[in-house]
Structures are given as structure tokens and as C-alpha cells.
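Student: I'd like to go through this model one question at a time. Shall we begin?

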Amino acid sequence: GIVMSMYALLRNQPEPTVEEIEDAFQGMGLEAGFCGNSLQISLRESNGNSPNCCMDQKKDHKQVTLSPSLFNPEEFMPLDPTQEPIFPPELLRLKDIPQKQLRFEGERVTWIQASALNELLDLKAQHPEAKLVVGNTEIGIEMKFKNQLFPVIICPTWIPELNSVEHGLEGISFGAACPLNSVEKTLLDAVAKLPTQKTEVFRGVLQQLRWFAGKQVKSVACIGGNIITASPISDLNPVFMASGTKLTIVSRGTRRTVRMDHTFFPGYRKTLLGPEEILLSIEIPYSREVRFFLSIQAGLPQEDDIAKVTCGMRVLFQPGTTQVKELALCYGGMADRTISALRTTLLSGRFWNEKLLQDVCAGLVEELPLSPDAPGGMIGVPAHPHPQLLLQVLPDSKCGKLDPTYSSATLLFHKDPPANIQLFQEVPKGQSEEDMVGRPLPHLAAALQASGEAVYCDDIPRYENELFLRLVISTRAHAKIKSSEGARLCLLSLADDIPGSNETGLFNDETVFAKDKVTCVGHVIGAVVADTPEHAQRATHGVKVTYEDLPAIITIEDAIKNNSFYGSELKIEKGDLKKGFSEADNVVSGELYIGGQEHFYLETHCAIAVPKGEAGEMELFVSTQNTMNTQSFVAKMLGVPVNRILVRVKRMGGGFGGKETRGIVMTVAVALAAYKTGYPVRCMLDRDEDMLITGGRHPFLARYKVLDETGDKDSGILGYPLTFIMERALLHMDNSYKIPNVRGTGRLCKTNLPSNTAFRGFGGPQALFIAEHWMSDVAVTCGLPAEEVRRKNLYREGDLTHFNQRLEGFNLPRCWDECLKSSQYHARKSEVDKFNKENCWKKRGLCIIPTKFGISFTVPFLNQAGALIHVYTDGSVLVSHGGTEMGQGLHTKMVQVASRALKIPTSKIYISETSTNTVPNTSPTAASVSTDIYGQAVYEACQTILQRLEPFKRKNPSGSWEDWVIFSLFYPRTPNLGYSFETNSGNAFHYFTYGVACSEVEIDCLTGDHKNLRTDIVMDVGSSLNPAIDIGQVEGAFVQGLGLFTLEELHYSPEGSLHTRGPSTYKIPAFGSIPTEFRVSLLRDCPNKKAIYASKAVGEPPLFLGASIFFAIKDAIRAARAQHTDNNTKELFRLDSPATPEKIRNACVDKFTTLPDDCTTW
Ligand SMILES: Cc1cc2nc3c(=O)[nH]c(=O)nc-3n(C[C@H](O)[C@H](O)[C@H](O)COP(=O)(O)OP(=O)(O)OC[C@H]3O[C@@H](n4cnc5c(N)ncnc54)[C@H](O)[C@@H]3O)c2cc1C
């Protein structure tokens, strides 16, 4: 999508501006690992400036010595215009051929393309139930994801009347099929040409369209489609309703024009249109007599998104006064349809002042109460976002004296050009040109991925006779299965069909298929196999399961109340806690919730199983990080030895831990179906299924008690399983601080939600976050600057951690000092304070936090790896190792290692795939250790080859690779590992990776939105094997972290059903989430003697640094609260993660969130 957006832009606009580039990328979700670099590359490509051009624009920054660029634009393939695909001439010719009706008959649907208005109206009269489809952005989704069937679809896009644009006396009239981008363009032209007072409504519509979907959607979605969809969260309908937009509605022989008002949407997704009627045109009025017309969206979790609440406001004053003649406030996201606040706006005759604003807010709270299932979901946000709209009218409305700091209410976040800097250490002078270690070698599959040629699991061509599988899943959180009956023509695989064992999972505590009982919504009960994915999907709807509900435990609080835990308490204790607390001046205690996180890899889980027809052999192509477990779980389910099962992984489209174990719920079903039918079977989960079934990051509830700035601490962490997650959490509860007396206990809660799983950081980020939370509370309580308290409490070289591991090569203070300096922290802190004094409704926050992340699997035996190297007679080398490639660049780094070890160019080395028949018994590709352990395995395999070559080399020093074919296999093991929770001794980790981030944000106190202004990161990754990949990992992990702590929120119903099952409801970071200034620097001169070529692991450690954005937001909220609560800077307040707009808005306590008692409500 990103590549094609860039391509489309360059084709239409060969010399785009920075703004046009940003617009082209707007709203695209960023799979972590893909952020600053990509935007920067596009900018550089487009303007051809020097790689560091962006930073030149900032005059106030000190000059930094820059490393060479991560890439050399001169090495890019030159543009060859002759290779441009041409627009198909056949289609061009079509436009000159007279159009006549087209009809396509499908299996279940008839599609009719009407060529004239009369024909369309006749068709609609014949088929009143038929749907009109223009952009199909709504109907398409209803058919694919909501299983709706529309047997007759009529397409009106050829009809001139539905595409016309007319500038009339009262407004501009658009044919209902006009795409939104052409509406936008027409309105922009009108705004440029017409007097300002005439275009206020147009500007209101444009304000909505500014954030409406991406270019692709706006190019096809039509204005009429948005209205008739009647979505309660439509961004345009509140504006149309508030402005009194006119709609012309026709049917065969009838025509009427209505003004859109509160009667137009009589119910949920209903309009006033009769079955035979269609919407012909929409007239958006000029704002002739209206004094103000404004629109606003609030709770935009990111750019270009459906807002949580949208509001359109029209206010008319008595000429020359501030006396209100008419007020209209229309909302989306506050009810099951677009509504107008009719009672609250009965204000005629009152004067526009702060009292009126407060009364309106109070009235709205009463008139428009938000139910917990309100579509926008700004639950608990009273009067939101009305104050901002109302305040926007203030400065200009002759209201008398206005506090100048109030003007910040009217300012929208503006965009600055992005400025990214990446600093790293150059390779030493004299390093051979062919030695690629330490150089920013591009990801070896980057070009294939960009061009779409890279083969992912579902790209493997279909086999003959291949079948498709869909899972049948539980719709209940906890229930007995009373009966199930299903699609007769298809195969319904239930537990009884399993030849081997129905028991599965890491701890044999799960089932392949639920037998008698389901334990969560999404529990796999069975599967249906059919000849096409569509038939399989349809057949699943024929499967009827009846349940008898049992009591369900949904939340951590429920689990605590019901004593529902896995295993016993896990604990780490050091020092004398009692003594520590008895000597303390201050004791800080609190509770904190950290929500879970969905992996949101671009490629959902996918598997293909191919039965081999003899001796129980089966070959599986799977998108998995864990070939060994996939192999052994399938073998166990089929009841065959593991050696009959071959698992192959070419690459994954992202994993982040999500493909470590949970894919198995689908893969075993696919294997079973292949076994039973004897045919190849394929399944790729849809996004909603993937989100529902395969789990994510574990949410945590933490309770802590800490004393003053020495940070002695007693903390309790409650989360969901796995034990390993809780172990890592307890091992990271110190973050980077020396705590003399500490006790941490953890319990694993057992609930009726789908099992959670590994996710980048594996319990670490949650514990680090808790540590930073109490650390900032300690600073506030002590009245000291947070950065000072943090710096003072950092460990020192040689200190013992709370789990008694000695810290050697402790580079964190270096990272801290460098980050503090390069971010100009102190100067910027003063600027932030000044900004906050001058702005009442916008606040800035600045925060610097460290991270220390332990590198190793905490289960010692997993720290092993294997590699197999083939040298072929043409001199080419095939490297196989146990690690899987998921975009993180592991294969690229392994090629670099082999290249240096064998002293041959990287071009001679290739990695094709990971498979269980080349390297068996592998650990999952996880815990950031893969480069370390597979790098070592590849290195040692290379050494064996070199040793074997040695005699031949001696005999014939000019001999070539072509003389030998060798393979070798090694199992090195990380030395001196093995921490014991019982004795609190032994090394938990091989070493640590350190980093520090300093982030600045600006929040809008009235809407809760925030903008990431700048982030500086200094990361110690040892001597980087590949700065391009390592910086990519730092940026990607940081962005995924900011998603975790500020954007991504999973919502479950009280019955345990996941509401957030796709990108429309679950918000991952987009391009606009990247801090406007994003500077990443790899610490120099810090070789790590414990890993391959002195490098360090990088995958997980930077993720936590995303929390610097959270704590900067908290800092900004503190400034807002201080202003509105008698400047009490020592007040502690709770802010759970993620810091979503509603949480930010609610935390900014002010006169609109706490309305005075004497407010008049209606
Ligand atoms: C990725 C994505 C992002 C989106 N972002 C936003 C957003 O930010 N804000 C927002 O408000 N919406 C958003 N939407 C929703 C959707 O795009 C809009 O509602 C869009 O305007 C629908 O137009 P369409 O042409 O695709 O409608 P279609 O799917 O073709 O039709 C939608 C409905 O309108 C009816 N219809 C269409 N034309 C007529 C007519 N002339 N007369 C009678 N009935 C008619 C159809 O029968 C159907 O019921 C988004 C959708 C997607 C997929």
C-alpha cells in the first residue's frame, strides 16, 4: 500500500511537495519496523536533496556530526520511463463507445450497471430491495465481513446526473455519485475564489474531509454513499445536518427535495428514503447569513480516521451583537444515528459568554448521555468535545475581555515537515570493501518486498484439488456444548476425528477442538473444508452450535475476586523491606492498569498442509516463528513420529511474538483436514478472526508501594499467563534503577478470554512501565525534577540487580547523558514551561526515560541454535539456520556474518527458507536473541568449513570454492545462564541492551488528542552488525511501543467478546504518529564482548522507549491540572495505559469536566 501510494503520487505529480507526500501516506497503519526510514526515503527521493536535508530546516538545533547516510541515492536504479505501465488502451476506447446496460450474473448476486437515470429508476422500481453501489467501501465490507447478501446490486456510476456539479444560487449541488475527492477539490476551489463569509460551511466540510480516510478510499467513495449508509459515526452527516444541506430524492415519477434535519435518520442505519427512491443530488449551502459555522472531530486516535465524536455547529447572532438568534449542534458518535441537540440549543436571546458555554455543556451532558455501547465510545467524557467548538467562537465574537491564553482552544494541530536523523558509527578505516559487517546493507528482500514479488505463505500457488478451511469458533466465553450440527456437504471436523491427540499447547492444557466445553469466545470447535474460501466461509454459517452458559471470568479484577489463578505466586525479594519502609520519609502507593496489545502483523496467520501419501508424511508451509513446535504439535495431533512432518517457512509478514505459539490453533486444524481428505488444505485467517482467536500482549494490573527517591519498593503484578511472561516482568521491575530493598510478586490470572501470548518484550515492557510510573510519582512527591530523580537512581557499573546479576559494561549512564545533551533537554524544558504558561487549552510535556532489557531466553535450554551450510560447486553458498525471517532482517545479518567468516562477498551467499529438515529442534525466533545465537551457529559452521578447506588451501592457495561440498551442524549454548527464583541467584541474562529516549508532546486539553513533537533516542546496540537494520528495529520497536502506551486499546464486551477486531476500531500507529522530529543515534565505541562480532540484540529492547511519549503526555496533563486545580504540582493522579484521547481529556480536569452546580441544564 505504501509503495503503491508513493507510485500513484509520483505518476500524478512527478515533483511532489512534502505535504503531498504526507497526504499520500496518510492513515496507513505502520507495522512496527516500518516508519521513519520509509517516509524519509520518499522525501529524499522526491526532492533529491542531501540525505540530511530535513534537519537543515531547523535553525535552532546545534550542528551534529552526521554519519554517512543509511543509503546512497546514487545506487538507486534510475527511473526508466519506458517501463511505466500504460493505461490499458482497451479501456480508453471504451469511453467513446455509447454506454449500454451491463449485467453480470454471479452464483448468488446479479450486478447491473445502469446507463441512464430513467433506466436506473426503472431498475429500482423492479428491484426495490436492490442496493446501489458506487465506491463499494460500505457494501463491500458488509458482504465480506458481516456476511450480508444483496442478491441485486445496481451500479449508477455512468449516469451523468449523478456525477454533475452545479454552482447554484444557494449552494453547490453535487450528484450523489460524485467521489469525495472531487467534492473536496470543488470545495477547495470555491473557498479560494469566493468571499470568506460565503464559504464557512464548505470549510466545515473540508475540515471533515481533511481527516476522512486515505486518498484511495476518497477516490472511489461517493458523497451519497456516506449519507445513505446512515452510519452513526459518519463524519459528514453532522456537518450536513447542522448546515441544513438539501437532498434531492427521486424515484420513477417522483421528485422531492428535503433539508437534512433531525428527522432524516429515523433509526440505526435508516433514512427517510422509500424502497424505490434514490438520492439524486446534495446541495451544500453557502453560508450567507450564518455568523459561524464550525465542525470538529474529537478522539481521532490518529490521522485520517473516523473520529470518535464529530460535531457540526451553526450559530447565528443578532446583527452587530453577541446575542444568539439561532444555534444548532449536531453530533455523530453520540447515539445510534446522527443527532441534533434540540433542547440544549434553545438559547435564543441569550448572550454568548462563558456562562452560556458552561450551561450548554451541562445541557448536553443531560440531553445526550453516552451509553456504554455508544458508537463513538467517548464514555465518561462529559460535554465532549463541545467546549472546543464553543470556545472557538469566543475570540471573534465581541464577548468582551478574553483571556489571551484561551486562543489555544481554537488552534488545530498543524503539521511541521518531518525531520528524521539517524546516527551510527562508521566501520573502522581500512575495513575491506567486501566485509559488510557494520555497514548499512539493505534488507536482502527489500526490493522484492517493495515490488510485491516476495513470496509469503498465501502467495504459494494453489495446488490442484486444493481445499480451503474455515474455523468454527465459539461465540460464548464459557459454556457446555450441548449440540452441534453442520453443513452436510462439507467436512465438519470435530474432536472425535482426531487420529492422535486432541491435547495441544505448550503445557498440554489446550484442545485442538473443544470437545464438551468452550472456555473463551474464539475457542476452536471445528472446521469446515470446501473447494473455495467463499464456500467454506458460507458453510461455517450452516454450522449450528447450541450452548449452556457457565459463569465466565472476563477481567483481571474478576479473576482476583474469584481467586482464579494459574499456579502459585512468583516472587523476587532482596534487602530488608520492613526496615526500608520504617525509615522512609515519604511512601507512595498506587494502582495501575496496562492494557493488552494486538500484534497486527500485516500478514495474518496462514498455513498450507500437503499430505504426501505415504508413511504419514506431511509437508506444511506455515507463517510461524516456531517451526519446531508447529512440527511437534501437528505430529502429536496426527499420532505420527515428528520425523514425518516437515515445516517450511520462507518469510512472514511480521510476527512480533504473535506467531510463536498461537498459530497452532489453526495449523493443526489445517493438518487434520489434509489428513482426512488426502488433499492439500489452506487457511489464512481474516483479520477479525486473527484478532479474536490468536491473543496478544498480556494486560497487567499493578499495585505498588514505594518510598521516596531511593525507590524501595513492594510491588504486586497481576496478569494473565504465561509463567515466562511473569518471570520476565519480575526480572525487569527495576527498569534501570538500583533499589536496595525490594519485593515483587506476580500472579497469573485465569480468565475466559482467548489465551494471550508472546509479544515483543514478553512482559518486560509492562514491568518497565510500572517502574517508570512509580518513579515519576516519587519525583512528584519529593518535589524534584523527574530527570534528576531518575538519573540519581540509575545503577552504576558493577552493581548487582535485584536478582543479583552483576552489571558489566553498563553503558546506560552514557546513553542517558548523551540523550539529555543531544535532545537539549533543559533548554526545551524551559520552553515547554513557557508554552504551558501561555496556553490554557494546549499543553506540552517532556520526558526522558531509560531502558535496560535483559537478553536471553529466561528458559536456559532455549538459548541454542543450529546452522547448516552448503557450499556448491559453482562457489555459491546456501545458508540454512533455525531462525525465521519476519521482516526483522535476520537473514540479512546472517549473510553478513557468513560473508565475513568465509571471506567471500555477500552476493555468493543465499538463504532460501527455514525448515525442520535442514535445522531441527530449533527455539522460536524470539526474545531478541536470534542474531546472537544463530550468528554464532553460522559463524561456527563457517569455521568448520574453513578448517576442512585448510589442507586444500595450503596445497593450492589459489584453489576455489568449487572444489568442495560440505555441510555442518552445531549447537552452541550461551554460557553461564540459569537464574533460580528460589535462591535469587544465577544469571538470568547473558547481557543487557540499554537505551534512553526523550520525547516531547503537545496535548489538546479539550479533545484529548495529542501530537508527538520530537523524540531523541540513544541506543546501545554494541558494535552494530548492520546499522540500517538496527536503526530500523529501534524506530519500529519505538513506534510499536508508542502504539502500546498511547493508541492501541482492546475492548471486550462484558460477555468476553472482543469488539475491536479490525483497523476501524483498533488503532495502530500511522505515519502521523511518528514524532515530527525523530532522531535515533546508536551509541559509539561500545563493543559487546558477549555476542557475535561485538554486536547486541535489538529487537525488543527499544519497544519500552515508546513509553517516553506516555510519560510526556502525563507531564503535559500535569501542567493542565496544575493550572485548573490551584497550581497543585504535587498532586498524584492515575493514568492507565494506553493514554487514549478520552483518558487524556478526562485527566485534564477543568471547568468543563467538572461543571459548577449552578449550571442550568435543560
Ligand atoms: C477504509 C475506510 C475508511 C473510511 N473512513 C471513513 C471516514 O473517515 N469517515 C466516514 O464518515 N466514513 C468512512 N468510511 C465509510 C465509507 O467510506 C463512506 O461511508 C463512503 O462515503 C461510502 O461511499 P461508497 O460510494 O463507497 O458507498 P457504497 O458502499 O457504494 O454504498 C453505501 C450505501 O449507500 C447507498 N447508496 C449509494 N449511493 C446511493 C444513491 N445515490 N441513492 C441511494 N442509495 C445510495 C448504497 O446502496 C449503500 O447502502 C470509510 C470506509 C472505509 C472502507
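Student: Is His891 buried or exposed?

Tutor: Happy to start there: His891 has a relative accessible area of 9%. This is a predicted model in which residues are numbered from 1 along each chain as its sequence is written. Local features need pLDDT of at least 70 and side-chain atom pairs count only at pLDDT 80 or more, whereas totals for chains, interfaces and linings use all residues; side-chain values use heavy atoms, with hydrogens and water left out. Under 20% relative accessible area means buried, over 50% exposed and anything in between partly exposed (1.4 Å probe, protein chains only), so His891 is buried.

Student: With which side chain does the side chain of His891 make a polar contact?

Tutor: His891 belongs to helix 27, residues 890–902; helices (H or I, at least four residues) and strands (E, at least two) are DSSP runs, numbered from the N terminus. At 3.1 Å, the partner is the side chain of His881.

Student: Why does Glu1100 count as buried?

Tutor: Leaving aside neighbours within four places in sequence, Glu1100 is in contact with Arg760, Gly761, Phe762, Phe853, Ala927 and Ser928. Glu1100 is buried because its relative accessible area is 7%.

Student: How many residues of helix 30 are buried?

Tutor: Helix 30 covers residues 1107–1124 and reaches 26 Å from its first C-alpha to its last, close to the 26 Å expected. That expected span is 1.5 Å times one less than the number of residues. The helix is mostly covered, and of its 18 residues the buried ones number 14.

Student: How far apart in space do Gln625, Phe656, Arg760 and Ala927 reach at the largest C-alpha distance?

Tutor: UniProt's unreviewed entry lists these four under "binding site". Although they are spread over 303 residues of sequence, they cluster in space, with a largest C-alpha distance of 12.5 Å.

Student: Which residues does Ala927 touch, not counting those up to four places away in sequence?

Tutor: Ala927 is in the loop between strand 36 (914–915) and helix 28 (930–955). Its relative accessibility is 12%, so Ala927 counts as buried. Its partners are Arg728, Ser856, Phe857 and Glu1100.

Student: Where is Phe656 found?

Tutor: Phe656 counts as buried at 12% relative accessibility. Its place is in the loop between strand 27 (645–649) and helix 20.

Student: And how far from Leu638 is Leu672, C-alpha to C-alpha?

Tutor: Leu672 is in helix 20, residues 664–677. It is buried, with a relative accessible area of 0%. Leu672 and Leu638 are 34 residues apart in sequence, yet their C-alpha distance is 7.0 Å.

Student: Which element gives the largest share of the shell around the ligand?

Tutor: The shell holds 28 residues, each with a heavy atom within 4 Å of the molecule. The largest share is four residues, and it comes from helix 11.

Student: What is the relative accessibility of Val133?

Tutor: UniProt's unreviewed entry includes Val133 in a "binding site" list, along with Leu132, Asn136 and Asp235 among others. Val133 lies in the loop between strand 3 and helix 7, and its contacts beyond four places in sequence include Trp111, Ile153 and Pro156. Val133 counts as buried, at a relative accessibility of 1%.

Notes:
Contact means heavy atoms within 4.5 Å. UniProt positions are given in the numbering used here, feature names are shortened, and annotations may be inferred rather than shown by experiment. A polar contact is a pair of N or O atoms within 3.5 Å; within protein, one must be able to donate a hydrogen and the other to accept it, and residues adjacent in sequence count only if both atoms are side-chain atoms.
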